[in-house]
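Hi everyone, thanks for coming.

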Amino acid sequence: MKVSTAPAPLPASIADGVFPAGCPSRTVLDHITSKWGVLILLSLSEGEQRWSELRRRADGISEKMLAQTLKTLEKDGLVRRDAQPVIPPRVDYSLTDRGRELTGHLIPLVTWAYENAEAIIGGES
């Protein structure tokens, strides 16, 4: 059996709507596919984590960018922030249902990128 590698066509419902500059989907795509957004979402796909765990996982992220990315993803309804009323303060982050649905789509994309990165960066065909 031969498997087609032809890309699937865009659904008719979005084919003309996703490309205009004012389409809200472009803002959402910018948030979720940003360098740090993808890494934070993937990290949280493995379960609830604290700030320090997320910072360690996303090697190279600054405190400012982690705070900004988490705030954006929380505002978008993808990440849940749970502040515990204890001393010292404890904040846990997790995915919402929508965030879990999204990471189900992101994981295959990131897996493909990881598996093909060396060939692409190395210039192989």
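Predicted model: local features only at pLDDT ≥ 70, side-chain atom pairs only at ≥ 80, totals over all residues.

**A walk through the model**

Where does Thr103 sit? You will find Thr103 in helix H5, which covers residues 97-121. Is Thr103 buried or exposed? Its relative accessibility is 4%, so Thr103 counts as buried; the cut-off for buried is under 20% relative accessible area. The side chain of Thr103 also has a polar atom 3.0 Å from the backbone oxygen of Arg100.

Arg100 forms a salt bridge with Asp97, and their closest N and O atoms are 2.2 Å apart. Why are Asp97 and Arg100 separated by about one helical turn? Because Asp97 and Arg100 are three residues apart in helix H5. Looking at the surface, Asp97 is exposed, with a relative accessible area of 58%, while Arg100 is partly exposed at 46%.

Side chains of opposite charge can pair when their charged atoms come close.

Arg57 counts as partly exposed, at 48% relative accessibility, and Glu46 is exposed, at 57%.

Another salt bridge brings together the side chains of Glu63 and Arg55, at 3.3 Å from N to O. Glu63 counts as partly exposed, with 48% relative accessibility. Arg55 is partly exposed too, with a relative accessible area of 33%.

Leaving out neighbours within four places in sequence, the residues in contact with Leu66 are Ile40, Trp51, Leu54, Arg55 and Ile61. Leu66 belongs to helix H4, residues 63-75. How much relative accessible area does Leu66 have? The value is 0%, so Leu66 is buried. Look at Ile40 as well: Leu66 and Ile40 are 26 residues apart along the chain, and their C-alpha atoms are separated by 8.4 Å.

Now let us turn to the strands.

Please find strand S3, residues 90-95. Why can we call S3 largely enclosed by the rest of the structure? Five of its six residues are buried, so the rest of the structure largely encloses S3.

Which strands pair with S3? Strand S2, residues 79-84, runs antiparallel to S3, and six bridges join them. You can see Gln84 opposite Arg90 in S3. S2 and S3 make a hairpin, with five residues between the two strands. Strand S1, residues 49-50, also pairs with S3 in the antiparallel sense, over two bridges. There, Gln49 stands opposite Tyr93 in S3.

Stay in S3 for a moment and look at Asp92. With 5% relative accessibility, Asp92 counts as buried. The side chain of Asp92 makes a polar contact, at 3.1 Å, with the side chain of Arg90. Apart from neighbours within four places in sequence, Asp92 is in contact with Glu48, Gln49, Arg50, Arg80, Arg81, Asp82 and Gln84.

Which residues make a nonpolar surface patch of about 290 Å²? They are Leu10, Ile14 and Phe19. Leu10 lies in the segment before helix H1 (24-32), and Leu10 is partly exposed, with a relative accessible area of 44%.

To recap, Thr103 is buried at 4%, Leu66 is buried at 0%, and S3 is largely enclosed, with five of its six residues buried.

Note on methods: Residues numbered from 1 in each chain as written. Heavy atoms only, no water. Buried < 20%, exposed > 50% of the residue type's maximum accessible area, 1.4 Å probe, protein only. Helix = DSSP H or I, 4+ residues; strand = E, 2+ residues; numbered from the N terminus. Pairing = 2+ DSSP bridges. Polar contact = N/O pair within 3.5 Å; in protein donor to acceptor, adjacent residues only side chain to side chain. Patch = residues over 30% accessible without salt bridge, like charges linked within 9 Å, V, L, I, M, F, W, Y side chains within 5 Å. Areas by Shrake-Rupley, 256 points an atom, 1.4 Å probe, with all protein chains shown as cover. Salt bridge = Lys/Arg side-chain N within 4 Å of Asp/Glu carboxyl O. Contact = heavy atoms within 4.5 Å.
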